[in-house]
Amino acid sequence: MSTLLLLPGDGIGPEVIEQVRRVAGRIAGDIALGERDFGGCSYDAHGTPLTDEAEAAALAADAVLMGAVGGPKWATAPRDKRPEAALLRLRQAMGVYANLRPALCFDALKDASTLKPEVVAGLDIMIVRELTGGVYFGQPRGIETLADGQRRAVDTQVYTTSEIERVSRVAFELARGRRNKVTSCEKSNVMETGLLWREVVTDLHKRDYADVTLEHMLADNAAMQLVKNPRQFDVIVTDNLFGDILSDEASMLTGGIGLLPSASLGEAGKPGLYEPIHGSAPDIAGQGVANPLAAILSFEMALRWSLGRPEQADRLAAAVKAALDGGARTRDLGGTLTTAQMGDAVLAGL
Ligand code: IPM
Ligand code: MG
């Protein structure tokens, strides 16, 4: 039997995960669902945003599905006790080095983007973001006070050959099942890590993936190209920080951050971590108006990538598409449906 650990978290997290529970019950009732506190709610209840017990439960599950973490309430907590710190710790503990962030423009929503519909219609990009290295984890880091009284902050961007190679391999493999093109983004014109990144990707391509089209693009240019002509991209592979930024940008091409799921994968056979890419949205939390589709589509990715159930994933993806084609819209998409009513619309399609 498969086990899925739910980490609803903070803000709108519990509301959107509730809809995942309903969908999971309908489509895959044999999956055992667990649940733990995570993020700010865990800090309030247990004094830490991620307990050792919750971390162990995540490592023992077949997949982990998170809602959202963080909020103004915990902005002043000590840095290592903040919800965001727990998320980074969980990603690292699970070893999920490849973060898959699709930016897919549903046909029914091509008018919802801030870009012209003819620019985004049919858009289907997969961003592969390195997730357990780079400046997010590099040492040394910290803020020190200098002799003259001013302060000095340091972050370290660091990558090894193997870290670059394993995430690039994921990108090339994905491209083969799509339109067979990988765009690797870095700043090799100014950064040593960028230079190594370009070399390692080039070597791996030559060695194992010569059949895939590889293109290198400086990350700033990629940011520009994403709004200029986004459909030139198929798979984008990039480091942790550039991936954080480019994936937020790409999400806006699709008409809504409330729609976009993500999957974070590590070594084969290890549990994946699935999360909507939206945050905890404290401004609308508790009102029952959040869009649950990003969470539901994250569950769809879990069915596909960790739980070995591609048919159920296909059915769920089709039900979401049918709901949108049928005009189902939450507030973020210009409609009036509540979170639960959007859940109903997906259930109807199942
Ligand atoms: C994301 C978020 C996180 C990140 C934050 C909440 C730590 O922005 O998942 O993209 O920077 O990775
Ligand atoms: Mg981000």
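## Briefing on helix packing and selected residues

Glu55 is found in helix 3, which spans residues 52-60; helices (H or I, at least four residues) and strands (E, at least two) are DSSP runs, numbered from the N terminus. This is a predicted model, in which local features need pLDDT of at least 70 and side-chain atom pairs count only at pLDDT 80 or more, while totals for chains, interfaces and linings use all residues. Residues are numbered from 1 along each chain as its sequence is written, chains are lettered from A and ligands numbered from 1 in the order in which they are written, and side-chain values use heavy atoms, with hydrogens and water left out.

- Is Glu55 buried or exposed? With a relative accessibility of 18%, Glu55 counts as buried (under 20% relative accessible area; exposed is over 50%, and partly exposed lies in between, with a 1.4 Å probe and protein chains only).
- Leaving aside residues up to four places away in sequence, Glu55 touches Leu50, Arg89 and Ala93, where contact means heavy atoms within 4.5 Å.

**Helix 10 against helix 11**

- Helix 10 (residues 293-305) packs on helix 11 (residues 310-325) at an angle of about 160°, and their axes are 7 Å apart. That angle makes helix 10 roughly antiparallel to helix 11 (angles over 145 degrees; under 35 is roughly parallel, 65 to 115 roughly perpendicular, and the rest oblique). Axes are lines fitted to C-alpha atoms, for helices over the stretch in contact, and angles run from 0 to 180 degrees between N-to-C directions.
- The crossing of helix 10 with helix 11 is left-handed (the near helix is turned anticlockwise from the far one by less than a right angle; clockwise is right-handed).
- Helix 10 contributes Leu293, Ile296, Leu297, Phe299, Glu300, Leu303 and Arg304 to the contact, and helix 11 contributes Pro310, Gln312, Ala313, Asp314, Leu316, Ala317, Val320 and Leu324.
- These contact residues comprise eleven nonpolar, one polar and three charged (Ala, Val, Leu, Ile, Met, Phe, Trp, Tyr, Cys and Pro count as nonpolar, Asp, Glu, Lys and Arg as charged, and the others, Gly among them, as polar).

**Helix 11 against helix 12**

- Helix 11 and helix 12 (residues 339-349) pack at about 120°, with axes 8 Å apart. Helix 11 is therefore oblique to helix 12.
- Helix 11 and helix 12 have a right-handed crossing.
- Leu316, Ala319, Val320, Ala323 and Leu324 of helix 11 meet Met342, Ala345, Val346 and Gly349 of helix 12. Eight of these residues are nonpolar, one is polar and none is charged.

**Backbone features in loops**

- Ala281 lies in the loop between strand 12 (272-274) and helix 10. Its phi is near 45°, a positive value in a residue other than glycine.
- Ala281 is partly exposed, at 23% relative accessible area. In sequence Ala281 is 213 residues from Ala68, yet their C-alpha atoms are 8.5 Å apart in space.
- Asn180, in the loop between helix 6 (161-176) and strand 8 (181-186), has a phi near 65°, which is positive in a residue other than glycine. Asn180 counts as partly exposed, with 23% relative accessibility.
- Gln139 and Pro140 are joined by a cis peptide bond, with omega about 0°. Pro140 belongs to the loop between strand 5 (124-130) and strand 6 (142-145).

**Cysteines**

- How many disulfides does a search of the whole structure find? The search finds zero (a disulfide is a pair of cysteine sulfur atoms within 2.5 Å).
- Cys185 is buried at 1% relative accessibility, whereas Cys41 is partly exposed at 25%.
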